[in-house]
Amino acid sequence: MKPMTATFWTVAMLVRLQLIASSPDNIVDFSSKNLSSVPRDLPQKVEFLDLSCNRIQQLHREDFQNTTLLRFLNVSWNSLEEIDPETFFHTSHLEILDLSHNRLKNLSGQHYLLHTRNLVVLNLAGNSFLTMTLGTGFSNLINLEILAVGAKNISMGDFKNIAEVKLHTMTLSLEDELGYEAGSLKDVHADKLQIAFTCNEIMNHDLITDALLLFDEVELMNLTDGYRDLSEQLQKVTPRTSHLYLTNIIIKWQDLTTFVNVSLKTSITHLCITDVALTNLPSEDTDMNLTSNMTSFTVRRAVVKSFLFSQEAVYNFFISLPVKSLAMLETSVIHMTCPKSQSPLSHLDFSNCALSDTIFSRVEGQETVECEDLGNVTKLILANNNLKSLHLVSKRVQYMRSLQHLDLSLNSLVYDGLAECAWPPNITSMILSSNGLTDSIFKCLPKGIKTLDLQNNQVSAVPSSTLQMKNLTSLNLNTNRLLDLPVCNSFPIVEVLLLKSNSLHAPSVNKLNSCPKLQTLDVSHNPFTCTCALRGFISLGIKSEMNEIHTRINMSDWPLGYYCTYPEALRDSTLKHIWIPEVQCNTGLLVATILCPAVAIIIGTVILCHHLDALWYMSMIWQWTRAKHRARTQHIRPEDLVGVEFHAFVSYSQHDTDWVHNTLLPNLEGPLGGLRISHHEKNFVPGKSIIENIISCVEKSRRSMFVLSAHFIKSEWCHYELYFASHQRVSRGSDSVVLVLLEPLPQYLIPSKYYQLKSMMSRHTYLEWPQDRAKHRLFWANLRAALQADLPNASATEIDE
């Protein structure tokens, strides 16, 4: 790309980036498609259209009638010869138009410009214009800021139609053997004039004189010779120009130094040389004017075409310039010397070079001598070089007593924490981003520093016992390896703390209590673990968003830059929209939350059970279950049941006869129970003694059932029946005795002679007769289950006997 179109393309790319940000569908690129005409199917919403490098010869009215939103149009490098006056009638939003490098022939006949009132950039360079006479259509371009044109002849009055237009940049693309009439540029009102020469073109003195007298900024491009004439012209006139740019040039060292020395004596305050090839470089130092009006000198992308020369002589010339600001950018400079006397330089910029740790120093014998003649430098930029040792860099600048701003970013700096650094005392701002620095860096910092940028390093923690930086107000630790928020004890007045893109999982908010002056905090894009430990941090972010006065901290990029990475269920959820319950995180509250309802349920259950006699029901069900289980699992041999005729022998007091006859027996015998029950009134044989009858009934019964009551323990015969039944338990098992408690019978009421009864009641479950009729059904079911057994069939005669 030619330098004269650089400005045009810079603006075009900015527009394109804006369009991409809004919608990439608005961009259509038809460049290098071998088109002979504008396509008819252009999208109606197109805003950026590139038709460059095709074979289009004409533009017609209907070509853009459907693209009413068009803002950028590039038809350069085609074969355009004619443009219809109504071509841009429908494109009222057009801002940038490139018609360069075509075959347009008449600048005064560009009538299509009457419909391009909103044009900001117009490029007509590289066409076949014979004269520079701008037609009336140019007077319509009231918003025009950048204009590029070229013709073989420039005369007085050619620019009168843009006399009322205030341009930012005017570019003249000159042809071979330019015919220029002195004073022709007086109607051009632009901040900057660019003059693009062709190769080997002889410099027109009148044009250069007018440029220097009429414009504040002048840029001369593509020069290969004529520097002596240019130097002579600078000496003859008193230029208005304050900013002079030489771009894409080839120049001998002697011509360069002569031109610079002449410029130092003129009104030129800023001299910038870009894309320069240096030839015939010196073998010894070059003389330099020690006084000047120039304030800044910039060299960008310089290359050397000589092989044998003195690098030190070249470096000495540039570092000795009597200017305030010196910049050597994007140039393969491996060293820079120290001025031989105290330099007026206050700003030094050596970005994107190849400087090493030896910068500004020299070796004498075996000793390294540091530079002491840059004491006026307040700003030093050494970004993107080959610096490796932070300790050595501190020694290189230790005598820059006025140094306040130091930029050492994009190097390979490291510091081992062993050697002591020697910074000058007045540094307040330091940029150390994109290096290899670790936690030890905090031992090698100026004490009075106010702004510190450690972005993109390898810092994992800020040591608590670090150097005191009591003036530090801004600390940038973005893109490091921090695991938690730093404690501000070493920098108590910090106001801005940037911790973006680190390794913070759950920042400890309480550490911010050591930062009383903190106003801005950026912890976005960290791998947050959304657990209980993060609740305090989330609360801080929400309060910051609500601008609560007592929080005082503004959380940058909240809430969109803060999202969960763990647990998986919450991944990519913003912290603002997740909820972690207090009860989940507070152990005491969690215990209370569980125990209180549990205790309440237990108490309620106890009360309910007491009210509904649940324990009684459970006891009955348990006894019924056990009885059924014994019936299924107990294997009784047939010989054990020889002589057994009854399921049970009932022993009771004579006072309980009514209950036995009217209630007990009807529910056990007959259709309801189906059991054979023996009792003394029915089965005692007359003539036998009572003892014999008791023994006989007990032996003929599978189980013995005792109806216990206060009367029972007073009956002597009941005692005998209990005695014989207890002996039978030894041979038939513990389940051969069934106790039925007809009424409450406390242990202390039972006589001592009934020790066997006491033993049974303490070790075996007994059935209580319930007073509640609703419970009778369950009682009988349990009793029947306890007495049920398969007995051998007894003859009716035996039973009657």
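Visitor: Which strands does helix α14 lie across, and at about what angle does it run to β33?
Guide: Helix α14 (residues 690–699) lies across β31 (646–651), β32 and β33, and its direction is at about 120° to that of β33. Axes are lines fitted to C-alpha atoms, for helices over the stretch in contact, and angles run from 0 to 180 degrees between N-to-C directions. Helices (H or I, at least four residues) and strands (E, at least two) are DSSP runs, numbered from the N terminus.

Visitor: Before we continue, what is the source of the model?
Guide: This is a predicted model, in which local features need pLDDT of at least 70 and side-chain atom pairs count only at pLDDT 80 or more, while totals for chains, interfaces and linings use all residues. Residues are numbered from 1 along each chain as its sequence is written, and side-chain values use heavy atoms, with hydrogens and water left out.

Visitor: In what order do the five strands of the open sheet come?
Guide: The order is β32-β31-β33-β34-β35, with parallel pairing. At the edges are β32 (677–679) and β35 (767–768), each of which pairs on one side only. Two strands pair if DSSP finds at least two bridges between them.

Visitor: How many bridges join β33 and β34?
Guide: Five bridges, in the parallel sense, connect β33 (residues 701–708) with β34 (residues 737–741). Phe-706 stands opposite Leu-739 in β34.

Visitor: Turning to aromatics, how many pairs are there?
Guide: The count is 17 aromatic pairs. Rings of Phe, Tyr and Trp (its six-membered ring) pair if their centres lie within 6.5 Å; planes under 30 degrees apart count as stacked, over 60 as edge-to-face and the rest as tilted.

Visitor: And what is the geometry of Phe-88 and Tyr-112?
Guide: Phe-88 and Tyr-112 form an edge-to-face pair, 5.9 Å centre to centre with 65° between the planes. The pair links distant parts of the chain, 24 residues apart: Phe-88 is in the loop between β5 (82–83) and β6 (96–98), and Tyr-112 is in the loop between β6 and β7 (121–123). Both Phe-88 and Tyr-112 are buried; buried means under 20% relative accessible area, exposed over 50%, partly exposed in between (1.4 Å probe, protein chains only).

Visitor: Why does the pair of Trp-253 and Phe-317 count as edge-to-face?
Guide: The ring centres of Trp-253 and Phe-317 are 5.3 Å apart and the planes are at 70°, so the pair is edge-to-face. Trp-253 belongs to helix α4 (residues 253–264) and Phe-317 to helix α5 (residues 311–319), 64 residues apart. Ring pairs also link Trp-253, Phe-297, Phe-317 and Phe-318 into a cluster.

Visitor: Which residues touch the most other members of the largest nonpolar core?
Guide: Leu-172, Phe-297, Phe-360, Leu-408, Trp-423, Leu-432 and Leu-575 do, in a core of 165 residues. Helix α4 gives the most to this core, with six residues. Another core, of 21 residues, lies apart from it and includes Ala-648, Trp-659, Val-738 and Phe-779. A nonpolar core is a set of buried Ala, Val, Leu, Ile, Met, Phe, Trp, Tyr and Cys residues joined through side-chain atoms within 4.5 Å.

Terms used
Contact = heavy atoms within 4.5 Å.
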